[in-house]
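Dear colleague,

I am handing over the structure that we spoke about, and below it you will find my notes on what turned up. Please read them with the model open beside you.

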Amino acid sequence: MAEQSVRLGVDIGGTFTDVVVEVGAMSFSTKVLTTYVAPENAIIDGMRQVCDKAGITPSKIDQIFHGTTLATNALIERRGAKTALITTEGFRDVIEMRTESRFEQYDLNLSLPEPLLPRQMRYTVPGRMDASGNELLPLTRADIEPIVEKIAAAGYESVAVGLIHSYLNDAHEKLVGDVLADMMPDAMVSLSCEVSPQMREYERFNTVVANAYIKPMMKSYLGRLEGRLRETGVRCKIFLMHSGGGILSIENAAEFPVRLVESGPAGGAVFAANIAARYGLDKVLSFDMGGTTAKICLIKNKTPKTSRVFEVARTYRFKKGSGMPISIPVIDMVEIGAGGGSLAHVDAMRQIRVGPESAGSEPGPACYGRGGSNPAVTDADLVLGKLDPANFAGGTMTLDADASAKALTDVLGDVLDMDAATSAFGLAEVVDENMANAARVHAVENGEDLSEYTMIAFGGAAPLHAGRLCEKLGVDRLLVPQGAGVGSAIGFLRAPFSFEANRSVYMTLAGFEPDKIKTLLTDLQAEATSFVRNCDAVSPILSEFKVYMRYSGQGWEIPITLTQDQAMTPDAVTFEAQFIEDYVKLFGRAVDGMDIEITVWSVNATTPPETVARVAEDTGSSTAETAGDRSLFDPAFADFVKASVVLRDDMAIGAAIDGPSVITEDETTIIVPSSRNAVRQPDGCIDVRLKG
């Protein structure tokens with residue numbers, strides 16, 4: 001009998017670290033509290049737990065797939081290395097000047113986020129490339145060495161290099177990199193021509209600075225993780241999830257850690273896309289709510305929407321433009337500070353506000369009994385009857401309902417003259433409305449009607465709130481997959497090996513150069529393929545070609561997808577037709593008489609996606625057996641109601657239950673509102689639909 005493949009998925013979140021092991025077709029999972037000082041400790045602990053459940057030793061693991069919020073958190077909390085930036089004379093203040101846009105037009109007291117590096121940590125060198133990549137002013141080692149001497153004397157651990165127009169001609173940046181390697185061999189160096197070879201210097205400089213800022217920390221963490229795993233007998237390869245929804249090697253992840261920003265949420269989107277494929281759903285709203293944040297992503301035609309720029313560490317109510325732009329391929333999602341650990345307070349207008357501050361795992365919500373005194377979303381869920389205090393996290397933790405009630409009363413109730421239950425209701429409604437509003441805005445920005453969508457909910461806290469969110473958004477159907485509590489970790493195991501290479505080369509359709517285009521796309525294809533081959537030496541590799549186009553004078557581009565034939569035999573007529581077709585879909589009409597420009601070229605190399613079989617859906621052929629009942633607060637009635645309690649593991653295929661009801665499992669709890677009913681599908685999904 002052939003030995004079964006053993007694969008481990010690990011997701012480090014702000015509160016919990018999720019660990020899943022798959023042994024052949026069997027899956028075993030656990031959630032352990034994240035250990036902030038040494039995150040690898042939680043991974044080792046969780047790995048041992050799931051291996052014990054599976055009846056195997058860690059040495060049997062064949063592959064490990066890992067995603068983490070550590071890179072994101074380091075940028076948000078400004079816990080990176082001592083970093084210097086070397087840039088072109090005259091461009092020292094680019095990352096502080098930003099784009100000079102105001103993300104809140106009428107706020108007279110608007111304060112822009114501080115740059116990652118203050119001015120005294122930014123250095124300049126002479127030399128200059130023009131917008132076509134031609135050298136205007138030369139740069140020599142004699143120009144660079146005095147600057148590097150200053151940086152070395154100041155004791156910098158990491159250096160970012162971002163020179164003007166280096167995405168077209170990287171000769172000057174490579175020269176600076178060579179001098180740094182000679183004079184500062186122990187420092188870590190990041191070149192913008194390698195990290196993000198794209199136009200728009202603010203985004204490019206910010207991205208290379210972010211990469212350099214977190215590189216020592218992430219390299220150290222990945223090295224420690226590898227060492228700890230080897231100590232436990234694990235000898236397999238370790239791979240990292242990147243923000244674009246694919247897998248890359250641990251060596252490439254250590255070199256380009258900025259690609260790991262949003263890697264955890266990306267795994268969740270891949271997980272939701274896999275479920276969408278199983279059910280043949282072309283329009284899905286992915287809802288991922290964990291301990292610190294909630295993430296919402298649109299998935300069309302079984303593929304998450306992607307972008308090449310996103311913002312991290314937004315400082316103004318998660319408003320677009322208030323964060324640090326990172327110019328890398330990323331799954332496009334909206335993220336708000338609404339997780340189980342998000343803390344509530346009353347503002348100056350006597351309104352309940354929730355987040356973005358989070359209790360995390362240390363000390364955690366008040367009900368954890370670890371020293372937290374402020375009310376979190378989990379405290380409200382407990383008081384409202386959504387959680388069983390004796391069986392939280394599979395019974396590994398006992399929650400203190402009295403501590404939750406006291407925190408809610410002290411912080412919210414005493415100020416607003418409400419009891420604990422009303423305070424909990426207010427907190428939960430604010431959180432749910434914040435998430436619903438974020439979903440509405442995201443849908444409008446993408447020209448979508450959410451009433452046509454199916455929601456897929458996962459993450460430890462999402463199934464607690466998804467039913468109410470569907471009511472607010474007018475979404476009729478909700479799927480909660482098997483393993484929803486550790487959905488992102490499962491998503492890592494479903495993701496392909498992939499890498500996207502891109503480059504900015506400006507070209508108009510009037511000046512279309514087919515030979516130059518073919519050479520450019522061929523080079524990008526080879527670059528992307530080499531990264532994938534570092535992970536998988538034998539699988540076939542597919543190439544996805546995109547160009548970013550706009551009308552002359554416009555400020556931003558739209559992505560146009562090309563086939564292999566269109567990319568290798570390019571012609572202006574095809575490019576124009578593709579652009580106009582997609583432009584009309586987005587904006588309603590084309591613009592006559594305007595030339596069209598191409599600014600960015602992209603090739604994503606990927607191994608083939610996992611083949612999934614369609615689920616033979618059941619509409620409800622039996623009634624689920626209940627394990628009792630519970631007092632549950634139903635927002636539709638603004639009062640507590642008697643809700644049936646069902647154990648998810650005991651639900652047979654086709655078993656149905658009407659709301660209000662509570663479906664419990666070790667890693668999460670599904671709340672079925674009074675307006676819905678639920679059916680267990682053959683693949684283990686709980687299918688929650690509007691009654692009638």
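Subject: loops, helices and a salt bridge

P660 is found in the loop between strand 32 (655-658) and strand 33 (661-664), where strands (E, at least two residues) and helices (H or I, at least four) are DSSP runs numbered from the N terminus. The peptide bond that joins G659 and P660 is cis, with an omega of about 5 degrees.

Before going on, please keep in mind that this is a predicted model, in which local features need pLDDT of at least 70 and side-chain atom pairs count only at pLDDT 80 or more, while totals for chains, interfaces and linings use all residues. Residues are numbered from 1 along each chain as its sequence is written, and side-chain values use heavy atoms, with hydrogens and water left out.

Another loop, between strand 14 and strand 15 (303-304), holds K302, which has a positive phi of about 65 degrees although it is not a glycine.

Helix 12 (residues 420-445) has 26 residues and should span 38 Å at 1.5 Å a residue, which agrees with the 38 Å between its end C-alpha atoms; the expected span is 1.5 Å times one less than the number of residues. Helix 12 is followed by G447, whose phi is positive, near 65 degrees.

How do helix 11 and helix 12 pack, and at what angle? Helix 11 (residues 401-416) packs on helix 12 at about 75 degrees, with the axes 9 Å apart, the axes being lines fitted to C-alpha atoms over the stretch in contact and the angles running from 0 to 180 degrees between N-to-C directions. That makes helix 11 roughly perpendicular to helix 12, a term that covers angles of 65 to 115 degrees. The contact (heavy atoms within 4.5 Å) is made by A405, L408, T409, L412 and G413 of helix 11 together with A420, S423, A424 and L427 of helix 12.

Finally, a search of the whole structure finds 41 salt bridges, each being a side-chain nitrogen of Lys or Arg within 4 Å of a carboxyl oxygen of Asp or Glu. K300 forms a salt bridge with E448, and the closest N and O atoms are 2.9 Å apart. This pair links distant parts of the chain, 148 residues apart, with K300 in strand 14 (residues 294-300) and E448 in the loop between helix 12 and strand 23 (454-458).

Terms used. Angles under 35 degrees count as roughly parallel, over 145 as roughly antiparallel, 65 to 115 as roughly perpendicular and the rest as oblique.
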